[in-house]
Amino acid sequence: MSRKRDFRRISRGLRFRLTISYALLFTLLLTGVALTFRVRLAIALDNQIQEELKDDWAAMKGYMRIEPVSEFGNRICSAWYYDEQDPDETTIVLDTRKIYLVTDQNGNPIPDSVTHEPAISTAYQDIGIDKPEDIRKRVRDAMASSKPKIYWDERRTSKGEPVKVRGGVVYSEPHQGQRAPYYVAIGTSYSDNERTLRDYTWIFVGVIPGALLLGSLLGYFMAGRALTPVRAVAQAAQAISGTNLSMRIPSRDAGDELDYLILTFNRMIERLQESFEQMRQFSADVSHELRTPITAIRGQLEVALFTAETTDQYREAMFNALTDIDRLSQIVRALLLLSQAESGQLVLQKARLNLCEVVDDLVEQFQIPAEAAGVSLTAELPAECVAEVDRVQIERMITNLLSNALKFTPEGGEVKVSLRMEEDEIQLAVKDTGRGIPTEYLPHIFDRFYRVPGKGTAPGPEQGLGLGLSFVLWIAKAHEGRVEVASTLGKGTCFTIHLPHHPAGDGAEV
Ligand code: ADP
């Protein structure tokens, strides 16, 4: 059972699969090359035999005549003219006559001038004499054609030896000004060539599995070597846990794909470390934020329990406790909403609406607190500014910006909200003439629970949670926008939200 599982694990491994791929590729390549060579070899050997037969044919034409009227009688016969004393000539003629046939145009072998026997060698009889109708057709075709015709045949002897035959038409010596056509065929054995090809095939069949085995072993070894650094990386990655996220996998400085993987992995760990750090910071902040009102409630209740005597004293303690409980639930609600937003559970309900109306309504609502604070609140809006947004979230965003502006602007100051339609975006700006934010604190104001240290940030009922701008940033991002802030200490702050402008054709009205 465990062996089966082991095999399954190995066979799914990268090393095994790489080896199999190598082996398959190797086999395909080797077979392809071997087959190509075999075909080329077969063609070359066949050409060689054809050349040999071409020479034999030329020799036959040089030494043989077809006599229409022989000196041995009034009969047609084939006669071979050569010097029997010349060993070269004798060898050539004997070689050519080994497998030969001479017939008239009807396919009947004509007699030999010396033996008076039909001009067909025993070896030719062995490979089988051509059918008379085939010969007749060949002669006819050859005579009809303007070019000399050559006929190639492949036969086997009774012993199975392969023979290549070349046939063609030869004309007799002239008789009364006429030359008659005759069919001549000569052959040669090519068993040596066949053996060469067979040997080649066997060598090949024998070599391929061996080469394949060797190649696979080599491939397995090489794949193992190539994957060693991967294993090292995996081990290093295993050593990294939540408690030692500062660890990094050392780069091999090879500049290869694996180094790229290590770099990517290290960056991922870096991001993870940042998230872990943020989470840790966040939980510390949350517990701190919750502890303050809880301690206060506890203190108020204890004081009431041990020192309060009159109903009014009890009432006051309970009123203070309730205020703190309100703050507590405000924090919890805001946190819940923020975590829902950031984890993607809060889905935007986008609709096309006129942002001018939204801003106008909110500015009107804020007039009362603005007047109470002695701050002038105005809006500078175009005739219309249609955008596809989530009304609730956009209102939340503007509310947060407005309440901050009013909170941090002293009496006699000004808060101005403006909307501008640019070519590819909508700009919503909330500008105040308030106390401003020191440059060094600007990068942190969007962090959760962050409040700029200094005057007016001492804990108190009017003090914010430090969550408002986190919402502003998330809402802008969720609308594929961004937030820009410009602030001068003592002079004022301007928050600008850039929202992508959706062209009219994008929405419902086309
Ligand atoms: P809070 O609930 O405390 O307002 P925010 O996240 O909205 O929290 O803002 C974070 C901090 O940024 C504030 O505590 C304040 O110090 C600073 N801030 C925000 N808006 C303004 C502004 N318009 N003028 C000056 N300071 C501001």
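## Domains

Domain bounds here come from an automatic or database domain assignment. That assignment gives domain 1 (16–197), domain 2 (257–342) and domain 3 (350–500). The centres of domain 2 and domain 3, taken over C-alpha atoms, are 24 Å apart. Their contact takes 13 residues from domain 2 and twelve residues from domain 3. Contact means heavy atoms within 4.5 Å.

This is a predicted model: local features need pLDDT of at least 70, side-chain atom pairs count only at pLDDT 80 or more, and totals for chains, interfaces and linings use all residues. Residues are numbered from 1 along each chain as its sequence is written, and side-chain values use heavy atoms, leaving out hydrogens and water.

Some terms come first. Helices (H or I, at least four residues) and strands (E, at least two) are DSSP runs, numbered from the N terminus. Two strands pair if DSSP finds at least two bridges between them. Strands of a sheet pair through backbone hydrogen bonds, either parallel or antiparallel.

Four strands make an open sheet in the order 3-6-5-4, with antiparallel pairing. Strand 3 (100–103) and strand 4 (151–156) are the edges. Each has a single partner strand, so one side of each is left without a neighbour in the sheet. Neighbouring strands are turned by 20° against each other on average, direction ignored. Axes are lines fitted to C-alpha atoms, for helices over the stretch in contact, and angles run from 0 to 180 degrees between N-to-C directions.

Strand 5 (residues 162–171) and strand 6 (residues 181–189) are antiparallel partners over nine bridges. Y171 stands opposite P181 of strand 6. Helix 5 (residues 132–144) packs on this sheet. Helix 5 touches strand 3, strand 4, strand 5 and strand 6, and its direction makes about 110° with that of strand 6.

## Two packed helices

How are helix 6 (residues 191–239) and helix 7 (residues 257–307) arranged? They pack at an angle of about 10°, with their axes 11 Å apart. The two helices are therefore roughly parallel to each other. Angles under 35 degrees count as roughly parallel, over 145 as roughly antiparallel, 65 to 115 as roughly perpendicular and the rest as oblique.

P229, V230, V233 and A237 of helix 6 meet L258, I262 and F265 of helix 7. The contact residues divide into seven nonpolar, no polar and no charged. Ala, Val, Leu, Ile, Met, Phe, Trp, Tyr, Cys and Pro count as nonpolar, Asp, Glu, Lys and Arg as charged, and the others, Gly among them, as polar.

A second open sheet has five strands in the order 8-10-11-13-12, and its pairing is mixed. Strand 8 (376–380) and strand 12 (482–488) are the edges. Each has a single partner strand, so one side of each lacks a neighbour in the sheet. The twist averages 10° from one strand to the next.

Strand 10 (residues 414–421) pairs with strand 11 in the antiparallel sense over seven bridges. A hairpin of three residues joins strand 10 to strand 11. R420 has Q427 in strand 11 as its bridge partner. Strand 11 also pairs with strand 13 (residues 492–500), antiparallel, over seven bridges. There, K431 stands opposite C494, and V430 has F495 as its bridge partner.

## Cover and a buried residue

Is strand 11 (residues 425–432) mostly covered or mostly open? Strand 11 is mostly covered, with seven of its eight residues buried. Buried means under 20% relative accessible area, exposed over 50%, partly exposed in between (1.4 Å probe, protein chains only). Helix 10 lies across strand 8, strand 10, strand 11 and strand 13, and runs at about 25° to strand 11.

N400 lies in helix 10 (residues 391–407). N400 is buried, with a relative accessible area of 17%. Leaving aside its neighbours within four places in sequence, N400 is in contact with G468, F471 and V472.
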